[in-house]
Amino acid sequence: MGAYFQNIKNGFKSAFEGMSISFATMFVRKETVQYPEVNISTNKTIAEKYKGTLMGMPANSRGILDVNLSLCTACQICQKACPIDCIVIDNVKCDKTKLEDEVGNPVLNRFTQKEALKTRTVTRFDINAAKCMYCGLCAMACPTTAIRHTNRFEMNTESQEALILKFVSEEEKARAEKKANDIEAEAAAKKAKAAKEEKVKEKGAEE
Amino acid sequence: MEAILISIGLEPIPAKIISMVIICVVVLLAFVTIGGVLTWVERRISGFMQARLGPNRVGPQGVLQWVADGVKLILKEDLIPDGADRKLFAIAPYFCLIGVFGTMVVFPWGKGVIVADLNVGLFYFISITALVVFGVLMAGWSSNNKWSLIGGMRAAAQIVSYEIPVGMGLLVPILISGTLSMGGIMAAQGWLPWDWMVFKSPFTVVSFIIFFIGSLAEANRTPFDLPEAESELVSGYCTEYTGFRYAVFFLSEWANLFVMGGLTTAVFLGGGNLPGVLEDYTILSILVFLAKVSVIIFVVIWLRWTLPRFRIDQLMDMSWKYLLPGAFIAFLGQAIYMLLTQHLPIVQSVVAVIMFLVFVFVLIRFIIRVRVNIREQRIPVNSPASDVL
Amino acid sequence: MTSALKTEYLTINMGPQHPSTHGVIRFILKTDGEIIYECDPDVGYLHRGIEKIAESVTWQGFVPYTDRVDYVCAMNANLAYCMAVEKLMGIETEIPKRAEYIRVIVCELNRISSHAIAIGAADLDMGAFTPFVHFLREREHINDLLEIACGARLTYNYICIGGVNNDLSPTFLSKTAEFLDHFEVVVEQINRLISYNQIFIKRFANVAVVPAKMAIDYNLVGPNLRGSGVKFDIRKDKPYSVYPELDFDVPIGSGREGTLGDCYDRYMVRVEEIRESIKIIRQCLKQIPDGESKAIVKSTIKPPKGHVYFRTETPRGDTGYFIYSDGNTSPVRLKIRTGSFTGMSIIPEIARGVFIADLVAIIGSLDIVAPELDR
Amino acid sequence: MNTLEIFEQIKKNTDAIVSFQEEEGPTPSIYVRSDWVLPVLRYLKDDEALDFNVLMNHTGFHETESSKLFWHLFFDISQAASGTHLHEEIRLFWHIYSYDKEHRVTIESSIPLGKPEIDSVVSLWKSANWLEREVYDLLGVIYQGHPDLRRIMLPEDWEGHPLRKGYVAPDLYHGVDNSPSEITKSFEPKGKSK
């Protein structure tokens with residue numbers, strides 16, 4: 001009998017307390033972020049329109065990958081580090097500082113990496129953003145911080161093809177390949193010339 | 001209404017018919033609108049109780065959300081599952097609708113604003129709302145879905161069980177007022193809180209609580225929403241419904257909420273009673289009534305977003321072991337109390353005022369708890385830091 | 001009387017898409033009305049073959065996959081894997097002290113968020129939606145904190161073989177301290193809202209009692225085991241990392257509202273573990289030393305030939321990583337023994353003769369996470 | 001008790017054919033010939049001084065390389081194997097623990113791939129039920145005396161056992177095309193063999 005009334009008492013008591021809590025919640029800050037209207041990319045921008053207690057994205061947030069090709073040395077470490085093969089890099093043997101546009105100006109004019117690493121130029125740098133799982137292993141592995149995560153996270157497209165991030169355009173690729181061919185041809189010519197000279201020398205020696 | 005039509009030169013019989021049609025349309029539209037708006041109200045309040053915003057896009061503060069939802073539901077394909085009992089499946093939602101909308105006949109909108117003040121008003125009210133259980137059971141059975149069937153069975157068991165405590169709870173006000181008519185019960189109360197039926201004696205308080213819990217169960221509201229318990233039965237009896245039929249189920253559910261609030265207000269909370277000087281202002285009476293109904297609806301919504309749900313055996317225990325004995329005791333107690341204080345109206349008034357003061361005391365306790373809880377929730381978190389962008 | 005009323009059994013298919021199976025799990029129920037006569041769990045809907053994938057990715061490259069093993073507590077899964085590999089390589093003593101403390105802080109934060117989800121989901125299954133949303137809100141703050149730490153909100157890939165990927169900022173530490181002050185009070189409030197509610201207690205108490213012997217026989221782990229009254233926590237009994245230096249209790253079930261080992265005991269163990277975790281993080285914030293956050297590990301990891309079975313205490317209990325290496329750049333076999341798996345295997349036994357609504361309570365109280373169950 | 005002491009105990013009290021393995025990795029283990037697994041595990045569970053009351057983990061893997069461990073010569077486990085899988089075997093591990101005595105031990109055994117059969121230990125620990133079902137599903141080990149040996153992770157009509165080396169996933173399952181898309185193919189590394 002005691003338990004019977006205890007049940008009733010506890011029932012009312014706990015319901016009373018519970019109702020006071022849910023009523024109290026009506027007077028605290030609303031946490032909903034009205035996303036497209038509120039810019040959540042940093043803490044400052046989120047604070048402009050939003051009154052709740054959630055944070056914007058921090059600086060090291062892992063968003064869509066970005067590649068700074070002027071830093072990239074085509075070492076392919078990121079490609080090897082990626083556990084799901086969403087990065088693919090092709091390269092040609094060509095010093096990219098020597099690349100010139102149609103007018104003849106150098107395409108790149110600022111370099112930070114060592115001389116020895118400039119010998120290769122990327123002709124294809126594709127990232128499959130649809131497959132990328134934003135684990136950050138590529139960015140951690142990169143020796144020159146060429147590949148890194150941005151704060152960007154919106155990427156609505158109509159097709160899966162559009163989700164492939166191509167960092168080297170077709171003309172850049174063609175240019176690099178042409179230059180590489182030129183360099184190769186030059187080198188071959190030089191070699192042939194050297195060989196010829198050698199031959200000539202040899203002949204001369206024979207004679 | 002009839003008088004107005006006659007005064008503009010219509011014959012009495014056409015005037016009666018036209019006025020009836022007009023009243024029907026007005027009340028029906030009022031119910032549909034109320035049901036619709038209540039869906040928005042519920043979602044909005046639940047949002048606030050969870051530190052969210054709730055729907056706020058369609059119209060100012062999202063108040064037209066229900067229209068958008070309704071249009072969307074009406075435009076949806078009307079699916080009838082394979083193997084369903086097509087006739088029963090098609091007709092089931094309308095039983096729910098009739099069960100709820102039938103109550104508008106005796107719905108006391110205010111003092112004297114009532115379509116038909118039947119002398120068996122309360123009895124009619126309870127009987128017609130029992131139609132809802134047919135609709136739910138038919139929906140559950142005809143859907144050809146085992147979850148729906150369990151939901152329908154639960155609903156039948158639950159509503160049938162809870163009819164009894166609700167009826168017993170209503171006996172106490174009937175005992176006091178000596179009538180079954182809505183108008184009569186309202187007239188037996190005054191406009192001051194201690195003249196309301198609920199504060200008349202300790203027994204009326206008990207019977208009010210029992211009636212309130214019982215009508216929660218009849219309206220299938222949490223903690224008694226077992227027929228559609230979404231975490232157990234997916235969506236219970238309306239799992240297979242889409243489109244307009246689903247909309248009808250929902251409309252009747254929220255209209256039922258309003259009906260339940262109206263009944264509670266009329267029987268226990270003094271209805272649309274006004275102080276003597278203001279008695280002629282019918283609009284004011286309707287407003288007072290609606291204000292009280294909104295409070296009840298708010299409490300019901302509030303309960304839903306606070307409490308977990310019972311299990312079916314606990315639900316039955318609650319009805320048969322707690323509510324029913326309580327209702328009997330309240331009924332007997334009230335009868336004895338009335339017999340003892342028959343010639344001592346002063347004692348009755350003093351007891352009523354004491355009951356009201358107890359209520360005020362509980363309310364103050366409650367407000368103190370709310371303040372404490374607000375303070376706890378406002379402990380700062382994530383305060384701005386300088387070196388995070 | 002029962003024999004006279006006995007009718008045909010009703011076979012109900014619960015799941016794979018059901019609101020309260022916590023993921024894609026299917027139960028084939030044979031019920032007598034609402035009372036379950038037989039329950040046959042059908043798992044594997046989320047089987048992604050992570051163990052097979054492990055055989056073709058590098059040791060370091062598998063860490064992001066461990067995030068996906070149990071996305072509710074990815075940090076703990078990271079830690080479990082990384083510590084197993086470190087043990088295999090024999091470098092577990094070389095991890096810098098600061099890295100160990102950082103690991104404990106982030107893991108305990110993640111444990112809080114995981115338990116918050118476990119408790120909230122149990123409340124949701126019982127029909128109370130509000131506490132779940134409150135817990136989600138608090139978890140969002142933890143996600144914010146972990147995002148400062150590592151840049152991701154759910155699949156962290158923060159702990160790596162040899163330490164952690166990047167050092168914690170002072171902002172993280174101060175914000176964590178602030179969050180704990182807030183959370184400690186709020187979590188008690190949410191408990192008052194739901195955990196001590198009479199209806200909730202009645203739903204959970206005396207349901208699906210698992211005696212200690214049965215729990216051990218079925219190899220229940222973590223809070224489920226402790227709910228049955230077995231005082232065993234790997235952090236305490238087989239300590240790893242810096243847990244021996246920290247002071248905390250191991251809460252066990254006591255049968256406070258019914259029988260020892262019922263759903264409510266399992267539930268309350270989680271509630272109390274949140275308090276213990278808060279205590280642990282506070283101590284770590286005080287004791288965390290300065291220094292390196294990562295040991296020097298070669299970029300191409302090749303552990304020596306051999307096998308290891310390493311257990312850590314994740315929110316879903318003792319998670320064991322069995323790794324067999326043949327000295328190459330990827331494991332020959334990697335097996336993940338998770339708490340949800342054994343938790344699930346006990347359901348056919350304890351779900352006999354209970355209501356359908358109780359099955360929901362059982363799933364909620366066992367805290368089953370489908371991706372961890374199927375891997 | 002450490003593994004060596006447990007090994008001595010087994011040696012002393014049973015006739016089982018066992019050997020102590022400590023070369024491999026940080027945890028030493030006890031190798032038991034496959035037909036002795038059930039008696040040894042029963043002894044470990046029932047002996048009061050040992051009291052291994054929980055089976056923490058049971059797993060196995062497909063070892064493809066021809067026998068490289070010396071004990072294979074002694075036990076000749078592949079005697080019953082068919083010609084094709086002469087040296088291929090499945091190695092099985094049981095990790096058991098005692099909550100009361102707080103010690104653990106790793107028992108291992110191996111069975112030939114051609115005849116992957118071993119006694120079930122469900123009679124000792126109920127947790128073995130699902131663990132053995134999983135090993136059966138993914139590796140194809142048939143457990144004698146298991147009460148309910150069905151596939152657990154994969155569908156009932158799945159063919160093959162994925163965790164065996166050299167398993168190739170079907171490209172088509174019930175009309176679901178599982179072959180890699182053009183995009184995936186274009187991203188496949190050239191030099192890297194997987």
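By contact I mean two residues whose C-beta atoms, placed from the backbone, lie within 7 Å. This is a predicted model; local features need pLDDT of at least 70, side-chain atom pairs count only at pLDDT 80 or more, and totals for chains, interfaces and linings use all residues. Residues are numbered from 1 along each chain as its sequence is written, while chains are lettered from A and ligands numbered from 1 in the order in which they are written.

Now the pairs that do touch. Which of the 5 pairs has the most contacts? That is chains B and C. Chain C puts 40 residues into the contact, and chain B puts in 34 residues. On the chain C side, the elements that give two or more residues are strand 1 (10-14), helix 5 (97-125), helix 6 (130-150), helix 7 (170-195), helix 8 (198-204) and helix 15 (356-366). Helices here are DSSP runs of H or I with at least four residues, strands are runs of E with at least two, and both are numbered from the N terminus. Helix 7 of chain C gives the largest share of that side, 10 residues. By type, the chain C side splits into 19 nonpolar, 11 polar and 10 charged residues. For that count, Ala, Val, Leu, Ile, Met, Phe, Trp, Tyr, Cys and Pro are nonpolar, Asp, Glu, Lys and Arg are charged, and the others, Gly among them, are polar.

Next, chain C as a whole. It has 16 helices and 8 strands. Its radius of gyration is 21 Å, close to the 21 Å that the globule rule gives for 375 residues, so chain C is as compact as a globular protein of that length. The radius is taken over C-alpha atoms, and the rule is 2.2 Å times the number of residues to the power 0.38. Along the principal axes, the C-alpha atoms of chain C fill a box of roughly 75 × 45 × 35 Å. Of its 375 residues, 64% count as buried. Buried means 20 or more other C-beta atoms within 10 Å of the residue's own, exposed means 12 or fewer, and partly exposed is in between, with C-beta atoms placed from the backbone.

One element to look at is helix 4 of chain C, residues 74-89. How many of its 16 residues are buried? The count is 16 of 16. This helix reaches 22 Å from its first C-alpha to its last, close to the 22 Å expected at 1.5 Å a residue; the expected span is 1.5 Å times one less than the number of residues. Just after helix 4, Gly90(C) takes a positive phi of about 75°.

On to the core. The largest nonpolar core has 279 residues, and Ala84(C), Ile362(C) and Ile96(D) have the most contacts inside it. Such a core is a set of buried Ala, Val, Leu, Ile, Met, Phe, Trp, Tyr and Cys residues joined through C-beta atoms within 7 Å. Helix 5 of chain C supplies the largest share of this core, 16 residues. Leaving aside neighbours within four places in sequence, Ala84(C) contacts Val308(C), Phe310(C), Tyr321(C) and Ile323(C).

Last, chain D. It has 5 helices and 9 strands, and 37% of its 194 residues count as buried.
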